[in-house]
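Me: I would like a close look at one part of the structure below, followed by its setting in the rest of the chain.

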Amino acid sequence: MAAVDIDVPVDAESQIHGPEDMERQAEGFKEQGNAFYSKKDYSEAFNYYTKAIDASPKTASYYGNRAATLMMLCRFREALEDSQQAVRLDDCFMKGHLREGKCHLLLGNAMAANRCFQKVLELDPSNREAQQENKTAAMLVEYERMADFGFEKRDFRKVVYCMDRALAVASACHRFKILKAECLALLGRYPEAQSVASDILRMDSTNADALYVRGLCLYYEDCIDKAVQFFVQALRMAPDHEKARLACRNAKALKAKKEEGNQVFKSCNYEAAYQLYTEALTIDPNNIKTNAKLYCNRATAGVKLQKLDKAIEDCTNAIKLDDTYIKAYLRRAQCYMNTEQYEEAVRDYEKVYQTEKTSDHKHLLKTAQLELKKSKRKDYYKVLGVGKNATEDEIKKAYRKRALMHHPDRHSAATPEVQKEEEKKFKEVGEAFTVLSDPKKKIRYDSGHDLEDDCSFDGGDFDANNIFRAFFGGHGGGGGYSFDSSPDNGPGNFFFQFG
């Protein structure tokens, strides 16, 4: 503190009483301030310009100089105040008006800046600096207009673009930074949004807008409890903050509805859970992560209710919202397996395994690939019209029914096309029975092995008539049975004649 007045001895300073002496002293402080300013030691320059103002508080240029120093120290609001004081003292002080305009620009007040530059042009119509800064102010107004329009149309990328351009001019404008951060959050770019909000909060911990954006990021990242804390804090700083109030209400409602759905699901009331998840999805379409989870939860309830197609649709919606959501891929893949859409199931399991190479995921992928391979063969169970857990007796009964239904003799009066189709089906029925009635072949078939590799099975040389005769106990070369289509027996009835 003792070193502050090194250029003026204490005894001499105490003898300064007259206005001229005070002005001379102020001028000395100003010169020292100028020297420090030239050396880019802006803190010391600020100190000496302040001394000059204290010595001569009615001199406009001292406020102007201190304003310039404050601008170099990025203390733009204080610089604005000094610039305004300078022009209040001297309305013709062009540098004062220019600095005031620049401060307004840096703080994002384009219209106020325009008025300052217009004043300079009234004093000096050919002032090129004022002309250029006026164009910059007009450009800033246009970026604001475009951003407002973009926000209204929910074109958040356009808003971010406009705010980036605006901040290149108005680098100290918290309003532009907040708008950019809010749109980044709405675009799901949470780390960038949080970074902007945190920078503002470091400078001003009570900034309600920044607190709101910080809460918004947490809310959209499904950290609802923490988000509510920030919204409440923002409302404490600004009780009329409508966006924070709405976000706080949505966050609480979303959490309550989701938890209620989870509770009734655990109680096995799947219909009620499905309805509650549906209601929760209407609360806030912008909450991507929470809505992805809600879609996935509703899909789980849908599976329990046998709404498999709806469950697949819900999982797809969840993945559209969050393409890294492994649980949604797994749930959709299982639905595809249940509906025998094996190619789709394999695709989902491959995605999961590429992301998380666990033994469980590998097993699920292998199982889906096996079912896909099996699905590309003839489905002998479908050919006979039986389930995959059919007993030996059920397989025999099914063969008896299908073999008689498609036997060529039964369709001897049909068109050549129908005869050909029925003969093909008759052969498939015999082929299916040959495999499913043989325990060893059935095991190999069920496990996905290619029966063509089995030397005991040759589908190409297969004779369905031999199987038919062996099953029905016929003798000789095909005359052990006949079909009768007479009116007494009805169309397509049959009887056997053994010779």
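Predicted model: local features only at pLDDT ≥ 70, side-chain atom pairs only at ≥ 80, totals over all residues.

How many helices and strands does the protein have?

Reply: Residues are numbered from 1 along each chain as its sequence is written, and side-chain values use heavy atoms, without hydrogens or water.

The protein has 25 helices and 2 strands (DSSP runs, numbered from the N terminus: H or I of at least four residues, E of at least two). Helix H17 takes in 14 residues, 308-321. From first C-alpha to last it reaches 20 Å, close to the 20 Å expected at 1.5 Å a residue (1.5 Å times one less than the number of residues).

Buried in H17 are Leu-308, Ala-311, Ile-312, Asp-314, Cys-315, Ala-318 and Ile-319 (under 20% relative accessible area, 1.4 Å probe, protein chains only; exposed is over 50%, partly exposed in between). Down the axis of H17 these buried residues fall within an arc of 160 degrees, so they line one face (directions from the axis to the C-beta atoms). The face turned away from that buried side carries Asp-309 and Lys-320, both exposed.

Across the protein, 43% of the 499 residues count as buried. Of the contacts (heavy atoms within 4.5 Å) between residues at least 6 apart in sequence, 51% join residues at least 24 apart.
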